[in-house]
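Work through the exercises below with the sequence and the model at hand. Try each task before reading its solution.

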Amino acid sequence: MSIKQIRAALEQALLHDGAMNNDLYSNVLKDFTDELQQSMIEDNDEYIFTVVEENKAVAMVLIERSGQIYINEQARARLQELWPAAYESNMKQFIPFFAQQLNQGQLPINGFKVVK
């Protein structure tokens with residue numbers, strides 16, 4: 001798929017509340033949850049997430065420091081809670097980069113710290 005097609009699929013899922021794919025999560029992202037948790041601990045992040053796209057299907061996982069794992073629509077909803085005023089603008093900035101990374105065969109992994 002082209003970057004444009006990947007971007008369109010990500011926009012549908014992340015900005016327009018499109019359905020996400022449980023099989024894609026199980027086949028691709030589920031095996032990375034331990035690595036994501038380890039990365040989050042090493043980087044002292046509060047939460048970490050990634051997305052994947054294959055053939056217009058999108059899956060997402062978000063993991064919090066507590067170990068709570070959110071999958072697909074629940075991950076999107078949790079991220080919207082974490083970024084109540086900035087979710088849409090952040091995603092509009094991130095999606096082009098996510099699409100480029102996915103097009104290159106890389107998962108766009110994003111860890112975040114919370115400033116108090």
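**Exercise 1.** In which hand, left or right, does H1 pass H5?

Solution. This is a predicted model, in which local features need pLDDT of at least 70, side-chain atom pairs count only at pLDDT 80 or more, and totals for chains, interfaces and linings use all residues. Residues are numbered from 1 along each chain as its sequence is written, and side-chain values use heavy atoms, with hydrogens and water left out.

Step 1: find helix H1 at residues 3-15 and helix H5 at residues 87-103; helices are DSSP runs (H or I, at least four residues) and strands likewise (E, at least two), numbered from the N terminus.
Step 2: the two axes come within 9 Å and cross at roughly 145 degrees, where angles run from 0 to 180 degrees between N-to-C directions.
Step 3: the crossing of H1 with H5 is right-handed.

**Exercise 2.** Which residues of helix H4 are buried?

Solution. 
Step 1: buried means under 20% relative accessible area, exposed over 50%, and partly exposed in between (1.4 Å probe, protein chains only).
Step 2: in H4, residues 73-82, the buried ones are Ala75, Arg76 and Leu79.
Step 3: these buried residues line one face of H4, because they fall within an arc of 100 degrees seen down its axis.
Step 4: Gln74 and Glu81 are exposed on the face turned away from the buried side.

**Exercise 3.** How far apart are Ile69 and Thr33 in space, C-alpha to C-alpha?

Solution. 
Step 1: Thr33 is 36 residues from Ile69 in sequence, and the C-alpha distance is 8.4 Å.
Step 2: Ile69 is partly exposed, at 31% relative accessible area.

Terms used:
A crossing is left-handed if the near helix is turned anticlockwise from the far one by less than a right angle, and right-handed if clockwise. The arc is that of the directions from the helix axis to the C-beta atoms.
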